[in-house]
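Keep the model open while reading.

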2 protein chains.
Amino acid sequence: MSEFFRSVAAEVVFDPARAAKVDLFRGRALLVGLNCFERGQSQKIHSHAGADKFYLLIEGKARMTVGDETRDVEAGTVVWAPAHVPHGIVEALERTVMLVSIAPPPGPKT
Amino acid sequence: MSEFFRSVAAEVVFDPARAAKVDLFRGRALLVGLNCFERGQSQKIHSHAGADKFYLLIEGKARMTVGDETRDVEAGTVVWAPAHVPHGIVEALERTVMLVSIAPPPGPKT
């Protein structure tokens, strides 16, 4: 496997039980991965203290909330979720794949 | 204009004189934008001290180098350029649009 090049299509994973997350690359300052949703799956509204985040919707359609804005988002939309601002996926309206990136990365899961 | 939602297609800019850059969103920890290349345009090999970066090729095809790897990259490929590792675009083989993100963001241009 390449150290620096990775295909999104080869990494996508769907889980019928819950929205699926895939880490692609992680450095000290930046994490990039995928969030994959079956139709109807969601991501609870949450915020990150001190970490900026964005999503790029690659495939599908999802109702997303950031701050006071809620929109139905299609492929090619970048969604910015800056530090401290609540954000989440109300519902995936189709099977949906998002690139997601956060800086700095969250600590290892405990 | 939305504070949090932006369409890549609406932001793409090409410049026949040089590769074009567009900032989409910038926070204290993270910058996300676009790099847009006409066929034949390039980005000199360079590195960032202490900043992690990645590209996602959205449209087109480009010959890219990171470290010792050089690949012809198509849409849907994530290219990881971690801190201190030299990287660049040898040549856009078609008109090409990349999402690019770096953390922490570079300082304002002087």
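Six strands form an open sheet in the order β2(A)-β3(A)-β10(A)-β5(A)-β8(A)-β1(B), and their pairing is antiparallel. Strands pair if DSSP finds at least two bridges between them; helices (H or I, at least four residues) and strands (E, at least two) are DSSP runs, numbered from the N terminus. At the edges stand β2 (20-26) of chain A and β1 (5-7) of chain B, each with a single partner strand, so one side of each is left without a neighbour in the sheet. From one strand to the next the twist averages 20°, with axes fitted as lines to C-alpha atoms (for helices over the stretch in contact) and angles running from 0 to 180 degrees between N-to-C directions.

The model is predicted: local features need pLDDT of at least 70 and side-chain atom pairs count only at pLDDT 80 or more, while totals for chains, interfaces and linings use all residues. Residues are numbered from 1 along each chain as its sequence is written, and chains are lettered from A and ligands numbered from 1 in the order in which they are written.

Within chain A, β5 (residues 52-59) and β10 (residues 96-103) pair in the antiparallel sense over seven bridges. A:Glu59 stands opposite A:Val97 in β10(A). Between the chains, β8 (residues 77-81) of chain A pairs with β1(B) in the antiparallel sense over three bridges, and A:Val78 has B:Arg6 as its bridge partner in β1(B).

Contact between the chains involves 35 residues of chain B and 35 residues of chain A, where contact means that C-beta atoms, placed from the backbone, lie within 7 Å. On the side of chain B that touches chain A, β8(B) supplies the largest share, four residues.

Notes. Contact = placed C-beta atoms within 7 Å.
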